[in-house]
Structures are given as structure tokens and as C-alpha cells.
Amino acid sequence: MTYCVGLLVRDGLVMIADTRTNAGIDNIAVFRKLKIVSEKGRRVLAIATSGNLSVSQSVLSLLAEGVENPETGELETLDSQPTMFKAAQLVGRAVREVWRVDGPGLEQMTARFDVQLLFGGQVAGGRLRLFMIYAAGNFIEVTPDTPYFQIGEHKYGKPILDRAVTYETDLYDALKIGLISMDSTMRSNLGVGPPIDVLVLRKDALEPELDYRIEPSEPYFLDLRERWSKALRSAHMEIPRPPYGSNVPGDI
């Protein structure tokens, strides 16, 4: 299982991905699921992947080698795309090409063609954007109304994002909330685990402000985990008990 989250706020983009892969209780490994393509002053593109690891790795490899343009026959790569929209279309074409080659074989083996991607970044002359790309190669774009996307094991971290993140959230507050969302997911699903890869991209900077891996013993992340648990315990103790039943203090 996987958990990846992307948050697009007014000042920039945050992308966070775990690294655990799980093919059984005795076959757990670490693979980087956040790929960054950066050319200082020209573009920063980031892809986070979830689903079948063989499918997502095939998509990334195809994007690196080049996807054939059906009209010109030329090979196109991410670093040749003039806009984020064109780049998202290219990622979608790569997904469909991997399906064309591998999809029927997977179905014969009763395996799902399971892949989802978060694709975010900025190309010089365009705006910062964040897309979620589906297994069919189609995609949607984040909006200020709901400024985040999740892929993978999303249910445990979603309530935190729903309550705490808006488009006006400070960039590093967005990173903090995203890490709390990741921690909540890790606490409830052993298929999601560290190390955690993080990207922070400030709007119009056209180079990563932070490209960092959080290791399991990272002091800040351990402190964040403990503070969040303590805050939750304190909050629930401060809320009055429900006025129902026969065990309410003062009940006659």
C-alpha cells in the first residue's frame, strides 16, 4: 500500500510520499515513489505514484526514455513539454501505452492494472499546477476550493486535511499538516511507512526549496507524532461527555 499527498496553496506546492511496498507480510521493501525532474529557472516537475509498482515504474521509465508522438513519430519527454497541461497529457499517454503493452497480460493473470499519479510543478511562463492522473490516462486538476489530492491509502489522513487546509494556508503549515496526515495514515495502516520523501516548491521559484527524505528516526517527525497524539488526548478530555445514559455525573 502507499500514501501520497499533494497540497497546492497560494504560496506554493507540497508533495509528500511514503516509500513502503508490501507484497506480503514477509516481503516489505523501500522504493522511492516521488520523482522530481528539475531544470533550474526553467521547470520543476514532480510525480508521486501509487498502485502496482511494476506499472508505475514502467510509466516512469517510459517518460524518461520518451513517449512517441502519434502525429510526428518523435519521442517526447517531460523536459520538452512547453506547459504543465501538455506535460500532464504526456504522462497520461505514457500510462495508456503501458496499458497497451502490459494491460492484457495482467488481466490474463487476474492482476489489476492499478496505478494513480500525482503530477505537480511549474514550467517557466506558466502557473504552478497540480493534477491527479488515473489508470485510464485521464486527469483532473486541483482547485482552491479543495487544494489537495491524495492517492493510495487516503482515508485515514483525509479528515485532517479537510479540517485544516485551505488555499490560504501558509506553505510550511501545509507541509506540517501533510506530515500529520501521513503520520495518522502510518499509525492505522502498516502498509504505509517511512522513509518519507518531501518536496516544497515555492510559486515562481522554478527550483525546489526543499527536497528531503525523513528517516524513521527523524527528531522533528518523532516530536510531531508525539505532540499530535498528546493534543488529541487533551482535546477529547476537554470535550464534555455525552449527556446520555445513566453514568453521567449528576444524573438522578
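**Helix on a sheet**

Analyst: Happy to. Let's start with helix 4, which lies across strand 1, strand 2, strand 12, strand 13 (196–202) and strand 14, running at about 20° to strand 2. Keep in mind that this is a predicted model.

User: What is the order of the strands in that open sheet, and how do they pair?

Analyst: The order is 12-1-2-13-14, five strands in an open sheet with antiparallel pairing. From one strand to the next, the twist averages 10°.

User: What makes strand 12 and strand 14 edge strands?

Analyst: Each of them pairs on one side only, and that is what puts strand 12 (148–152) and strand 14 (210–214) at the edges.

User: How do you know that strand 1 and strand 2 are paired?

Analyst: Count the bridges. Two strands pair if there are at least two bridges between them, and strand 1 (residues 3–9) and strand 2 (residues 12–18) have six, in the antiparallel sense. For one spot to look at, find Val5, which stands opposite Ile16 in strand 2.

User: Why is helix 4 called roughly perpendicular to helix 5?

Analyst: Helix 4 (residues 171–188) and helix 5 (residues 219–238) pack at an angle of about 75°, and their axes are 10 Å apart. Angles of 65 to 115 degrees count as roughly perpendicular, so helix 4 gets that label relative to helix 5.

User: Which residues make the contact?

Analyst: From helix 4 they include Leu179, Ile180 and Met186, and from helix 5 they include Phe221, Leu224 and Trp228. Sorted by class, the contact has seven nonpolar, two polar and four charged residues.

**The nonpolar cores**

User: Which residues touch the most other members in the largest nonpolar core?

Analyst: That core has 25 residues, and the ones touching the most other members are Val14, Ile16, Leu161, Leu179, Ile196 and Val198. Helix 4 gives the most to this core, with eight residues. Among the other elements giving two or more are strand 1, strand 2 and helix 3 (158–164). There is also a second, separate core of 24 residues, which includes Val59, Leu117, Phe131 and Ile133.

User: Why does Leu161 count as buried?

Analyst: Buried means under 20% relative accessible area. Leu161 comes in at 0%, so Leu161 counts as buried. You'll find Leu161 in helix 3.

User: What is Leu161 in contact with, leaving aside its neighbours within four places in sequence?

Analyst: Its contacts include Tyr3, Val5, Leu7, Tyr148 and Ile177. Also, the C-alpha atoms of Leu161 and Ile180 are separated by 9.1 Å, with the two sitting 19 residues apart along the chain.

User: What makes strand 6 mostly covered?

Analyst: Eight of the nine residues in strand 6 (residues 43–51) are buried. Strand 6 runs antiparallel to strand 5 (residues 34–39), joined by six bridges, and also antiparallel to strand 9 (residues 115–123), joined by nine bridges. Ser38 has Val44 in strand 6 as its bridge partner, and Gly51 stands opposite Val115 in strand 9.

User: Where is the positive phi in the hairpin of strand 5 and strand 6?

Analyst: At Gly41, with phi near 80°; the hairpin has three residues between the strands.

User: Is Asp204 buried or exposed, and why?

Analyst: Over 50% counts as exposed. Asp204 has a relative accessible area of 53%, so Asp204 is exposed. Phi of Asp204 is near 70°, a positive value in a residue other than glycine.

User: And Leu206: buried or exposed?

Analyst: Its relative accessibility is 13%, so Leu206 counts as buried. Leu206 also has a positive phi, about 60°, although it is not a glycine. Look for Leu206 in the loop between strand 13 and strand 14; Asp204 is placed in the loop between strand 13 and strand 14 too.

User: Which two residues does the cis peptide bond join?

Analyst: Pro194 and Pro195, with omega about 0°. Pro195 lies in the loop between helix 4 and strand 13.

Definitions and conventions: Residues numbered from 1 in each chain as written. Predicted model: local features only at pLDDT ≥ 70, side-chain atom pairs only at ≥ 80, totals over all residues. Heavy atoms only, no water. Axes fitted to C-alpha atoms, helices over the stretch in contact; angles between N-to-C directions. Helix = DSSP H or I, 4+ residues; strand = E, 2+ residues; numbered from the N terminus. Parallel < 35°, antiparallel > 145°, perpendicular 65-115°, else oblique. Contact = heavy atoms within 4.5 Å. Nonpolar A, V, L, I, M, F, W, Y, C, P; charged D, E, K, R; others polar. Buried < 20%, exposed > 50% of the residue type's maximum accessible area, 1.4 Å probe, protein only. Core = buried A, V, L, I, M, F, W, Y, C linked by side-chain atoms within 4.5 Å.
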